[in-house]
Each structure stands twice: as structure tokens, then as C-alpha cells.
Amino acid sequence: YDNPENLERHKNLVHRMYKVVSGFVNGQLAVAAIAGTATLIVLLSLSATLGLPANLAVPLAVIIFFAGMIPMIGATIGAVLVSLVLLLNSPTAALVFVIYFVIYQQIENNFIAPTIQAKNVELSALAILSAILIGVNLYGLLGGIIAIPVAGCLRVLLLDYLEYAAKRRKALDKN
């Protein structure tokens, strides 16, 4: 780099993009923790009311947590696995869990995840949902997974470009 200003600007740009990606990961951890905790509460309630073995609650909630690390669909994948295990132990508990999880998934996908990711990635909830829809439509599952950090990084690049262009215009106006 000939210009130390450009080097500093690019370092700042990379740092801001890193913050977006790490914010996304932290946000996804929070969403997965909420899903795991809510599942644990439901499974413990099912074990108390329907006679489901209580020792299943924690391992099944952990499955939901780890599956929840995949944005939008991970918790559903985990819920299918948990439902199959519950079906082997108590069909009634499996049915109640499926009903609970359909409702929970709607709440997570439309409110919890977009709100948390909007704060962590500094995008609006609408932008988060739009990015995921565009990502899934263009590149399927992988597109849905990377959509939020890509949208956040594009926002950082756009804001940097607009800032830089405004500074250049101001400098040219002075001359």
C-alpha cells in the first residue's frame, strides 16, 4: 500500500466485518440456547405429567441446542430427532412435543432470531429475514446459513464506500 490512509481504512473495514461475523455467531449461540432451554422446560414438564423418563430431558435439549446452531432450520432438524426418540417412549409426549415445537419454531423464526441477529449484526429484522429468503432461494441451505453474515458484511462495505466517496467529494470541493 502506497497510502497509509488506505491501509488503515482497510484494516478498519476488516475489523468491522469480523465484528459482524462474530456477532452473527454469538447471536446464533443465543438463539440455540433459548431453543435448548425452552425444550428442556417442555421435556421436564412432559416427564412430570406424562411419565416420560426424566433422564431423557437433558440429552434431548442438548440435541436441540447443537442443531439450533444452523440458522432457521437447525432446530427443526433437532425437533425431528427428538420427536422420534419421544415416539419410542411415549406417543402422547411425542405429539405434545411436535405441537409445542411447531409453535415455538414460528416464534423463533419470526421474532427471536431476527431480533437477536438484528442487534448483533446491526441489520433490521426485515433485512435479516430478507437476506435469509434471498440466500435460500439462490443457494439453498448453504445460502440460508451464510445469508446473515454476508448481508452484514455487504452493509459494512456499502457504508464504507459511501463514507469514502463523501470524503473524496468534500476534498475535491475544497480544491
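Helices (H or I, at least four residues) and strands (E, at least two) are taken here as DSSP runs, numbered from the N terminus. On that basis, the protein has five helices and zero strands, and its pattern along the sequence reads α-α-α-α-α. The model is a predicted one, in which local features need pLDDT of at least 70 and side-chain atom pairs count only at pLDDT 80 or more, while totals for chains, interfaces and linings use all residues. Residues are numbered from 1 along each chain as its sequence is written, and side-chain values use heavy atoms, with hydrogens and water left out.

The overall dimensions come next. Along the principal axes, the C-alpha atoms fill a box of roughly 80 × 25 × 20 Å. The radius of gyration, taken over C-alpha atoms, is 22 Å, whereas a compact globule of 175 residues would have one near 16 Å; the globule rule is 2.2 Å times the number of residues to the power 0.38.

Grid points are joined across faces, edges and corners, and a volume is the space filled by probe spheres set on the points.

The largest pocket holds about 290 Å³. Its lining includes N3, R9, R16, D160 and Y164, and the elements giving two or more residues to this lining are α1 (4–50) and α5 (125–174). Seven of the lining residues are charged, three polar and one nonpolar; Ala, Val, Leu, Ile, Met, Phe, Trp, Tyr, Cys and Pro count as nonpolar, Asp, Glu, Lys and Arg as charged, and the others, Gly among them, as polar.

The second largest pocket, at about 160 Å³, has a lining of nine nonpolar, two polar and no charged residues. Among them are I134, G135, L138, Y139 and G143.

Inside the protein, there is one cavity of 30 Å³ or more. The largest cavity has a volume of about 40 Å³, and α1, α4 (91–121) and α5 each supply at least two residues of its lining. Residues around this cavity include Q28, P71, M72, E108 and I148, and by class the lining has seven nonpolar, two polar and one charged.

Note on methods
1 Å grid on protein atoms, 1.4 Å probe; cavity = no way out; pocket = protein on both sides within 12 Å on 5 of 7 lines; lining within 4 Å.
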